[in-house]
Amino acid sequence: METIVSIKPLLAVLVTLFVIPVLVSSSSRPNVRESWIFVAGAVKLILVLSMLPVILDGKLIGLTLFEIAPGVSIAFRVDGLGMLFAIVAASLYIVTSIYSIGYMRGLDEHGQTRFVSFFALAISATMGAAFSANLLTLYLFYEVLSLATYPLVTHHQDGVSRISGRRYLAFILGTSIGFVLPAMMICYYLTGTLEFSQAGIFAGQLSKPAALVVLLMFVFGFAKAGIMPFHTWLPAAMVAPTPVSALLHAVAVVKVGVFSIVRVITGIFGVQMMADFNLGVVVMCIASVTILLASCIALSQDELKRRLAYSTISQLSYIIFGVALLSPQGLLGGVIHIAMHAFGKITLFFCAGAIFVATGKKYISQMSGLGRRMPFTFAAFFIGALGVIGLPPTGGFYSKWNLILGTLEAQQTIFMLVLLVSSFLNAFYFLPIVYKGFFGKLDDDDDDDDERSPVKIKEANLCLVIPLMITAVISIVLFFYPDIFVHLIKVGLALK
Amino acid sequence: MDNYPALIVVTPLLAALFAGLAAWIEERLSYPIALIGLAVSLFSGVKVLMQVIGSGPIVYRIAGWDAPMGIEYRIDLLNAMVLVLVSAIAFFNLIASCQSVNQETSDRAGSFYTIYLLFVTGLLGVTATGDLFNLYVLIEITSLTSYAMVALGDRDRGPMASLNYVFIGVIGASFYLLGVGYLYMQTGSLNMADVARILSGIHGSNTVLTAFILCMLGIWIKMALFPMHVWLPNAYAYSPVAFARVVAPLMTKVMVYVMIRLMITVFGFDYIFNTLHLSQAVVWLATIAILAGGVMALAQKNLKKMLAYIIVCEIGYMVGGAWMGNQLGMTGAILHILNDAVMTFALFLAVGNMVYRLKTVEISDLKGLFQKMPWTMTGFVLAGMSIIGVPPTCGFFSKWYLILGAFEQGAWHFAAALIISSLICAVLFFKVFEVCFFEPMPQGHGQAHAPVSIEEAPVAMLIVSGLVSISIIVIGLYSGAIVNSIILPFLH
Amino acid sequence: MTDLTALIVAKYNYWLYVILMMIGLYAMIAKNNLIKKLVGMNIFQTAIILFYVSIGYKRDATIPIIQSTGHDAHGAVIHAADYINPLPHVLMLTAIVVSVATFGVAMALAVRIYQRYQTLEEDELRMRISEE
């Protein structure tokens, strides 16, 4: 494939990094600060989109920055997969920025400059991970992302967030240093390279048991993907302000974990080797366990954000599941779920945050009847839920459909059951919220004066409602027009 | 000009003399003299490094006497790099030191600068010399000055810490001296190159073995390899912070350099790894050092002491890498001399800034420091990341080579120790960060998020701290270039 | 047995220095009084000086001052074996300077410690320090 050398990927990564000093220096003028964020976000999105035609043409964009050791460098290479992820992250960053203005100001949070600065750093790292040309670069940005999100997770600086922060680091940093680093070193030691390539890098240098061990080290080591038993950081991280949960813990951070595993399976091991050693089935089993267990746990959660977190854990494993099917349809369904789930889940998180800002309610049991007060929010919630369950007319349907086709194509019919059961569970834990929201009895004490008066509409402020409407609409649009993403995946994975 | 090798060492020595004399007249004069001396030294160091990269090793004969009778300075890529490292850190630390010296040792600033310069002279001499006995004398100059410095620090605990340092330091130096004696008995020479030439024919000799073991023991004591590390934490924790900033990054690293120099230039790889069969035992010792250093650091309540134990741990990295017996391990060890010096320097610079403002660095006293000293803490976090080994900081890349070396040798325990120590360091640093980040300032009175006025260290200290923190990343990104242009050509 | 005796007698200088070193080391480790420790340290260093001096010595040799100088070089041929090796002795001049300097620093430290704590016994010092 033709590779074009361009500085654009580097710029796309750096633009939000370089805006940080500006953010810090304008910390006393929030409006100026926020407009800089939009400038940076827009520039970033434009840079990413400007690379899109080239990628769709089937070419690659590459840039080598530093030669670290023979065969290893810090380098960018934009391909279909990276492009898909970058578009999702860059576009949602802008939406989330609008949302976080409303959220942070609505709650009058402290340390907003710190918040937006680390947010920008995190999004830079995400972009870097998306554009990584090799495992070392990916690992680099993975670690930077872990550390950049720590101050965001622990934003409230109280006892609860301190404990959550500890758990967050212990799982994320512990696994990446403990598993990924040695596994990566083993790869480099055996092959002398860490470049991603369709054929894999091992070329028969790894026996089956050894390959299994290394693969498991990667799958569990990238704990951001939330594979059980290394998933508990994600519910803990829900102490963060909602914009963080929305963008980072539904899109950027967790998807970087999944994306890393996808890269390892498709770029380090290679689909062929995975199939030859039957490793796909192992990964599928692990993913299936996570899908089902996480869905069951989600049923029992009363705090909305925690339920969403467990739902995320389960959905992330769909992606890994799809890729581990190793069949064209499975790969397509798995990878496209990165985008589909992102738009669906971010909508749900936005709604959770909007409800919290407007009413101060965090628990599902308190939310009955709220739908009549916040119709837009709950409508968006409904669409988001449909997207995550995988029902039309949302993009989520497209990915689930392909996943199920993938199981048939790979002749893994048993695993199809996993998908179906899990979809039922998804419906069980999401739809009652919507139902109760619209039709439940409002148990509020402040308007007990007149029971029969029409409920006053009390939506959250516009900065909160508009973003969630946008993402909900995109969720539906993706059902009808998933073509760009499909094309990117086909280019990226050389699928027919 | 051909006298650069001598200038590197001689200028700080002369500057020490003048700084001492000037202090009699006017205490304030000694600081600029010291600054000029170290600037010249740094300049000469860089010149020499350029020259060595360009046209190979330089041999400088002191006073024109030929080796093996005279003393010669033999500067190759390795010690050119270490020379630049030492003079640069000494120079930049001096820039940052003016205020903290005035604060901590105000009445004795003149003697501080004199001893400081002598210490740096010693380190530079140790690095430059190609003579075994000269090496001993210079090691003792560094040691003597650091004894004095430690005593200048904490008025209560300093002298006691210093005296314990003296006892152990003397034992280490004496072992080394004894080893040199045995080498001299066997070869009749003290010039490193000459000794190496003679030794290559007599590998089986017991005298050589005795000499080797004694030299290594002596150097290990001086570099504080576990379990010979007991002097280090107290000595570093109670010395004046302006001195701790330079002794912590440099002293142990220069001793590691001496070890590598003896291993490569004097005894030779062939002797150490093919004739002797000690390497496995030493790698195990290094493994234990890494783990023990980390665990002991966990138990510390004082930030300086915690960092001192991290140094003990890092020594294990370098000793293990050097004794791995392959090129990758040695590359890692040499690269880590550079990286560890820079990141330890950055850490201690941050500690220096904290001491300047807070007077104490008990970890529990660091509450709310992210708000109070944001720039200092940024530097501290970066250096901490480098110690943990997060890319793209330089600490990651030396670890990279060390782990690869361990893989190649099948020393899985060493690789595991490196990874575990990364995890331990993560715990250590985040323990500190948590205190600084979560716990409100003492005067906050329950108002956890009340705005706290920024009270940063003086600008000079901040600038140096910032420069060094940036260089952590820059060195990390260019580590490939450093390995290719300095370390690999040296090892071939 | 006789072999061992012969070995000990033939290499008595080494045995002597090792014994001296051990005495010094013992004092440094086991003595409670700081001054005694310093004395031990000095013995330890002196032992090494003794070692160096003894390796320069040759049987039936004389001090390395060549009497016939300059012009009448045709005189007696100079055999290195006739003169003891001066180099180790010269080295020891430096080593003595080093050890004196070390001793001086250590004594100064001891004085400081005494001024601060009014004692030089290590166990008492440790108690005082831990009390504070």
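User: Let's start with strand β3 of chain A, residues 72-78. Mostly covered or mostly open?
Analyst: Mostly covered: five of the seven residues in β3(A) are buried. Bear in mind that this is a predicted model.

User: OK. Which way does β3(A) pair with strand β2 of chain A?
Analyst: Antiparallel, over seven bridges, with β2(A) running through residues 60-69. I61(A) sits opposite V78(A) of β3(A).

User: And how many residues lie between β2(A) and β3(A)?
Analyst: Two, and the pair makes a hairpin. In the turn, G71(A) has a positive phi of about 85 degrees.

User: Switching to helices. At what angle do α5(A) and α6(A) pack?
Analyst: About 175 degrees, with the axes 10 Å apart. The helices cover residues 135-153 for α5(A) and 159-191 for α6(A). Angles over 145 degrees count as roughly antiparallel, so α5(A) and α6(A) are roughly antiparallel to each other.

User: Which residues meet there, between α5(A) and α6(A)?
Analyst: On the α5(A) side they include L135(A), Y139(A), Y142(A) and E143(A). Among those they meet in α6(A) are Y168(A), L169(A), I172(A) and L173(A). By type, the contact of α5(A) with α6(A) divides into 12 nonpolar, five polar and one charged.

User: Now the chains. Which two have the most contacts?
Analyst: Chains B and C, out of the two pairs of chains that touch. There, 27 residues of chain C are in contact with 22 residues of chain B.

User: Which elements of chain C give two or more residues to that side?
Analyst: α3 (34-56), α4 (86-117) and α5 (122-131) of chain C. α4(C) gives the most, with 14 residues. The side of chain C that touches chain B splits into 20 nonpolar, three polar and four charged residues.

User: What about chain A and chain C, how far apart are their closest C-alpha atoms?
Analyst: 33 Å, and no contact joins chain A and chain C.

User: Last topic: how many residues are in the largest nonpolar core?
Analyst: 437. Those with the most contacts inside that core are L84(A), A89(A), A122(A), I320(A), I338(A), V86(B) and A346(B).

User: Pick A346(B). What is A346(B) in contact with, leaving aside neighbours within four places in sequence?
Analyst: With G379(B), L382(B), A383(B), S465(B), V468(B), S469(B) and I472(B).

Terms used
Residues are numbered from 1 along each chain as its sequence is written. Chains are lettered from A and ligands numbered from 1 in the order in which they are written. This is a predicted model: local features need pLDDT of at least 70, side-chain atom pairs count only at pLDDT 80 or more; totals for chains, interfaces and linings use all residues. A residue is buried if 20 or more other C-beta atoms lie within 10 Å of its own, exposed if 12 or fewer, and partly exposed in between; C-beta atoms are placed from the backbone. Helices (H or I, at least four residues) and strands (E, at least two) are DSSP runs, numbered from the N terminus. Two strands pair if DSSP finds at least two bridges between them. Axes are lines fitted to C-alpha atoms, for helices over the stretch in contact, and angles run from 0 to 180 degrees between N-to-C directions. Angles under 35 degrees count as roughly parallel, over 145 as roughly antiparallel, 65 to 115 as roughly perpendicular and the rest as oblique. Two residues are in contact if their C-beta atoms, placed from the backbone, lie within 7 Å. Ala, Val, Leu, Ile, Met, Phe, Trp, Tyr, Cys and Pro count as nonpolar, Asp, Glu, Lys and Arg as charged, and the others, Gly among them, as polar. A nonpolar core is a set of buried Ala, Val, Leu, Ile, Met, Phe, Trp, Tyr and Cys residues joined through C-beta atoms within 7 Å.
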